[in-house]
Amino acid sequence: MVLLNRILFTVKEIKRPRKYLRSKFIDTVRLHVKGGTGGTGLPKYGGLGGQGGCVYCVGKEDANLGKIISQHRAKTVVAGHGEDSRKVRIVGAPGSDVKLEVPLGVTIFREDGKVLGSIDKDGETVIVARGGPGGTPDNSFLGHFGQVHHIRLDLKLIADIGLVGFPNAGKSSLLKVISRAKPRIANYPFTTIKPNMGIIQFEDKRQISIADLPGLIEGAHINIGLGHKFLKHVERTKLLLFIADVQGFQLSPRHLKRSCLETILLLNKELELYNPELLDKPAILAVNKLDLNGTDTIFNEVKESFKDIEKFLKNSKMPAEIIPERIIRFENIIGISALERKGINDLKTLLRNRLDDHAEEINADIIDASELLRRNKNIILERGPQIT
């Protein structure tokens, strides 16, 4: 009895994780998919077996991978089998298809690494497992098995702008003041533990999507910290918005204190080591927390350094291990204060203009509306009235 009481009192109460921690962001799902088996034919009457069903992935804007896991807890998706041919039904009915609704931005990989397809638009469809053919004279009226694959659904968020920065740089605070999103905000690193999406709304109804990713730290490209898991989401953004704390960053007392300029170079290097092609994206640098005393001088020094960053690094005593091989080119460098909303409207205008410029660079054939009107007027004048 004494032993039983001791055990009962020593057992601590098991607390459920907070709701915010339970709502895990899922961006990768592995599934076992099987196409349906074709139905058997009926040689005596020349009956044909039904086609086995297929497994599809269909793009849907409001879908999420968590729903797929909840619907298929065994992580096995099997399409319906084709019906056998019978006297009363010479041609067997086809098996039922299975359609998996997946979010936009999903790429489907096979077990050997081959890409089966990607879904970027609503309603876009990719077959991941074909059903087997039914029994016919060509296959001796024997239905065949459908395709069987182990697949991986890999989600990369599709956003116009991706926020990149060290922890506690003010990315979530900026997302809150610049859009309608309500991210978690606190005065400690790694407040953001999953990506957040926000929409910047302009007065003329123009909307721009922006993604806030967990903060990166040194070594993110080799799976250190939280940000490495979400670096892939930066690949699908059109523009990178670097957020730097004007006071720099220090992860803990055991780590080195990095200045504002050093954190920018480290972010540059982490992206370079993860995927050098990310440096080709248009980028804007926003130096945050300029509401603090004496920060204007630091901001001006950073801005001056990037006028000729190669020359500055050559003459500085910056540690070699934090200097990237290729320096990203910032289209604009702007100082802001997310807390006091200082410079926010200017930043929104910059982001919009740069995205418009980027769209024109990609679609060089786009003609300005006034130019199109002038051309049409000239065509009409050249034709003139027709004489009959």
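Buried means under 20% relative accessible area, exposed over 50% and partly exposed in between, with a 1.4 Å probe and protein chains only. Helices (H or I, at least four residues) and strands (E, at least two) are DSSP runs, numbered from the N terminus.

The model is predicted: local features need pLDDT of at least 70, side-chain atom pairs count only at pLDDT 80 or more, and totals for chains, interfaces and linings use all residues. Residues are numbered from 1 along each chain as its sequence is written, and side-chain values use heavy atoms, with hydrogens and water left out.

**Helix α4**

Helix α4 covers residues 171–178, and six of its eight residues are buried, so the helix is largely enclosed by the rest of the structure. The buried set consists of Lys-171, Ser-172, Leu-174, Leu-175, Val-177 and Ile-178.

In strand β2 (residues 55–59), five of the five residues are buried, so β2 is largely enclosed by the rest of the structure. Val-55, Cys-57 and Gly-59 lie on one side of β2, Tyr-56 and Val-58 on the other, and both faces are covered.

Strand β13 (residues 283–288) is mostly covered, with six of its six residues buried. One side of β13 carries Ala-283, Leu-285 and Val-287, the other Ile-284, Ala-286 and Asn-288; all are buried.

Two strands pair if DSSP finds at least two bridges between them.

| Strand pair | Bridges | Direction |
|---|---|---|
| β2 and β4 (residues 98–102) | five bridges | parallel |
| β2 and β7 (residues 125–129) | four bridges | antiparallel |
| β12 (residues 239–245) and β13 | six bridges | parallel |
| β13 and β14 (residues 330–335) | five bridges | parallel |

Within these pairings, Val-58 has Glu-101 of β4 as its bridge partner, and Val-55 has Ala-129 of β7. Asp-245 is partnered by Asn-288 in β13, while Ala-286 stands opposite Ile-334 in β14.

β12, helix α5 (residues 260–274) and β13 form a right-handed β-α-β unit. Right-handed here means that, with the strands pointing away from the viewer, the path from the first strand over the helix to the second runs clockwise.

**Ser-209**

Ser-209 is located in strand β11 (residues 207–212) and counts as buried at 13% relative accessibility. Leaving aside residues up to four places away in sequence, Ser-209 touches (heavy atoms within 4.5 Å) Ile-158, Ala-159, Asp-160, Ile-161, Met-197, Gly-198 and Ile-199. The side chain of Ser-209 reaches the backbone nitrogen of Asp-160 at 2.9 Å. Gly-198 is 11 residues from Ser-209 along the chain, and their C-alpha atoms are separated by 5.8 Å.

Notes:
Polar contact = N/O pair within 3.5 Å; in protein donor to acceptor, adjacent residues only side chain to side chain.
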